[in-house]
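My entries follow in the order in which I looked.

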Amino acid sequence: MTMPCNCCEITDNAFSEAEARSEMRNYRKRGPAAQTKLLLNVIRSLNLKNADLLDIGGGIGVIHHELLEDTVKETTHVDASSAYLKHAREEAARRGHAERVKFIHADFTDVAPELSKADIVTLDRVVCCYPDFRRLLKAAAEHSRRVVALTYPRETWYLRFFFKITDFFQKLRRDPFRVFLHPVAEMDSLLKSEGFERVSLRRLFVWEMALYQRM
Ligand SMILES: C[S@@+](CC[C@H](N)C(=O)[O-])C[C@H]1O[C@@H](n2cnc3c(N)ncnc32)[C@H](O)[C@@H]1O
């Protein structure tokens, strides 16, 4: 299913074929990245059986490649980058998961009204690529029956500085793609107002991982 949008065009430049190829090479060599491992471990610790997964901005599909082995029965993967989706699809086929993953090329917030709910909704390093985190997280929460798990950059002085510099160079290059350091307390209260409570929080140097369960 393909529904390209303005966001997808911007995202295709930022998350290009070359980036996707290099991420897939790293994944095959080293396995999931550290923040993704945190997210996978905490989801596995819940011992959910026969769950389904909605992976928003799943990139090359690491979360479903891993969880389809032992935790989830099927997945919907929505991504704004066609290059990332292509690599995710090829890897799913290589692992024999093709029949269990539905791939959608779109901005999730555009297609959300047409999508079904899932037990687990994941956003691994996605909110920081999207300007309107409230719209994205609200739609994500509305699509989760049980769990929302996400990773995002920490609100630290060194990341504020890094994001300012990145923003400056993106403007200089006239590249419309931006990264965002969204306020963690506001993301947390939005998810709480949607009926979730935070049951796990882990920190790395750059990334924070939070898992929310529906109360
Ligand atoms: C930094 S990458 C992370 C990919 C993957 N989750 C990971 O951690 O390796 C961000 C991904 O989110 C996607 N993305 C960002 N905003 C999106 C949106 N609103 N709808 C769908 N995909 C989105 C991008 O296309 C990109 O693949």
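Which residue in β7 is the bridge partner of Ser200? I found that Ser200 is partnered by Leu211.

Before going on, I noted that the model is predicted, with local features needing pLDDT of at least 70 and side-chain atom pairs counting only at pLDDT 80 or more, while totals for chains, interfaces and linings use all residues. Residues are numbered from 1 along each chain as its sequence is written, and side-chain values use heavy atoms, with hydrogens and water left out.

Entry on the hairpin. I looked up β6 (residues 196–203) and β7 (residues 207–214), which pair in the antiparallel sense over seven bridges, and three residues lie between them in the hairpin. Strands (E, at least two residues) and helices (H or I, at least four) are DSSP runs, numbered from the N terminus, and two strands pair if DSSP finds at least two bridges between them.

Entry on the sheet. I read the order as β3-β2-β1-β4-β5-β7-β6, an open sheet of seven strands with mixed pairing. Its edge strands, each pairing on one side only, are β3 (101–105) and β6. I also looked up β4 (residues 118–124) and β5 (residues 144–153), which pair in the parallel sense over six bridges, with Ala118 opposite Ser144 in β5.

Entry on a helix. I saw that α9 (residues 184–193) lies across β5, β6 and β7, running at about 175° to β5; such angles run from 0 to 180 degrees between N-to-C directions, and axes are lines fitted to C-alpha atoms, for helices over the stretch in contact, where contact means heavy atoms within 4.5 Å.
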